[in-house]
Amino acid sequence: MKKNKIVIHDFCGHPFTFELAEEFFKQSENIHYLYTNDDVGPKADFNNTNCKFTNISVGYNIPKTNPFRRFIWEIRYAFLLRRKLASIKPDYLICSNTPIIVLLIILIGKKFKFIWWVQDIFSEAAIKLKVIPKVIRYPVYKILQLIELIISKKSSSIILISDNFRIFVNEKYHKKIKVIENWPSSNHSDMISNKKIKSIIYAGTIGFKHGNEKISETIRHTLKKNFKFILISQGKNADALKRKFAKHKNFHGYDFIPYSDLIKKISMSMGALFVLDDSASRLSIPSKAYTYILCRTPVLGICDPSHHLAKTINKNNIGIVNDLDAFFKGINNAEIYDSWMENIASCSDNFKINKKYKAFKKVL
């Protein structure tokens, strides 16, 4: 019996989405994984795998601070992606982290069943983006909202990473929705260290939605406590922070590192930070937080208390939300810290790739 061809396109090339593709491959599915290196950020380890994958490149990094140049880049990328899909001829296409302009273009005349794996709500994010002039933010918001409506209509299924995202999908398409929470890739989990050092870590992109000033404030607070602060990121905002704290002996700044090294550094830290601006808290769930949990490192979350991850931290008692002093009090109190560590170990046991595979297989 001929197997259906399945393509997973994760624009960012995240470790956890590639782990899903690898699991499809292990289950003898006909799978092909697509991504781009033109988007700077943490990538999966593509070196030791038999799963088919392709890097689609326009030839230069996506210009994130210039809306017009970014628009042109996305159009060019969309046609390269269309060409690749035409050569593969998939029966199913699962798209994650993909700009909606790209989605709109590849869905014109589509000959495959399309599953929209929604990681961000682009229209809601656009209305607050500082790189877009205020005078045109609302028109851009309405245009993107219309595109999202079209994509919802063309989707065979819509996968949301949180039930909170349901309000952004038109009610007439709610029957298409399936909620599958993100997870951290367990690849290289053998690198998780039981040794902890006096350090706080932030690992991941620092974009306009990630609270540059709040990260800076946390770094200052950490250094005053005589803890090391480890920043693993790159890009304009990350480079500015590295320059700002470069002279401090306890500040260590790195560009993105291989996933195996990242796992080791996170697991050796006593705490790990994620930050979301209030404007982004309803729209984004940073995957770095799941990696922190996998690495059994207590989490400091700076975000809206109603955010999905804030609720996860509080419900499972694996860290602190929006209180730096309380977080450091917990780190320095053996009873509290041991409790966090015990609880986070239980949480990390919930991330089983076979369960995620079965959930996606059910959608297909």
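This is a predicted model: local features need pLDDT of at least 70, side-chain atom pairs count only at pLDDT 80 or more; totals for chains, interfaces and linings use all residues.
An open sheet of seven strands is present, in the order β3-β2-β1-β4-β5-β6-β7, and its pairing is parallel. The edge positions are taken by β3 (52-55) and β7 (177-179); each has a single partner strand, so one side of each is left without a neighbour in the sheet. From one strand to the next, the twist averages 20 degrees. Within this sheet, strand β4 (residues 92-96) pairs with strand β5 (residues 113-118) in the parallel sense, over five bridges. Ser96 has Trp117 in β5 as its bridge partner. Helix α2 packs on the sheet, where α2 touches β1, β2 (30-35), β3 and β4. The direction of α2 makes about 165 degrees with that of β2.

Another open sheet is formed by six strands, ordered β10-β9-β8-β11-β12-β13, again with parallel pairing. Here β10 (251-254) and β13 (319-321) stand at the edges, and each has a single partner strand, so one side of each is left without a neighbour in the sheet. Strand β9 (residues 228-232) and β10 run parallel and are joined by four bridges. In this pairing, Ile232 stands opposite Tyr254 of β10. Helix α10 (residues 308-316) packs on the sheet through contacts with β11 (269-275), β12 (299-302) and β13. Between the direction of α10 and that of β13 the angle is about 135 degrees.

Two helix-helix contacts were also examined. Two packed helices are described by the angle between their axes and the distance between the axes. For helix α1 (residues 15-26) and helix α13 (residues 353-363), the axes come within 10 Å and cross at roughly 80 degrees. An angle from 65 to 115 degrees counts as roughly perpendicular, and α1 is therefore roughly perpendicular to α13. On the α1 side the contact involves Glu19, Leu20, Glu23 and Phe24, which meet Ile353, Asn354, Lys356, Tyr357 and Phe360 in α13. By residue class, the contact of α1 with α13 comprises five nonpolar, one polar and three charged residues.

The axes of helix α6 (residues 212-224) and helix α11 (residues 324-331) come within 11 Å, with a crossing of roughly 40 degrees. At this angle α6 is oblique to α11. The crossing of these two helices, α6 and α11, is right-handed. Glu217, Thr218, His221 and Thr222 are the residues of α6 that meet Leu324, Asp325 and Phe328 in α11. The contact of α6 with α11 divides into two nonpolar, three polar and two charged residues.

Phe11 lies in the loop between β1 (5-10) and α1, whereas Trp73 belongs to helix α2 (residues 67-88), so the pair ties together parts that are 62 residues apart in sequence.

Methods: Residues are numbered from 1 along each chain as its sequence is written. Side-chain values use heavy atoms; hydrogens and water are left out. Axes are lines fitted to C-alpha atoms, for helices over the stretch in contact, and angles run from 0 to 180 degrees between N-to-C directions. Angles under 35 degrees count as roughly parallel, over 145 as roughly antiparallel, 65 to 115 as roughly perpendicular and the rest as oblique. A crossing is left-handed if the near helix is turned anticlockwise from the far one by less than a right angle, and right-handed if clockwise. Contact means heavy atoms within 4.5 Å. Ala, Val, Leu, Ile, Met, Phe, Trp, Tyr, Cys and Pro count as nonpolar, Asp, Glu, Lys and Arg as charged, and the others, Gly among them, as polar. Two strands pair if DSSP finds at least two bridges between them.
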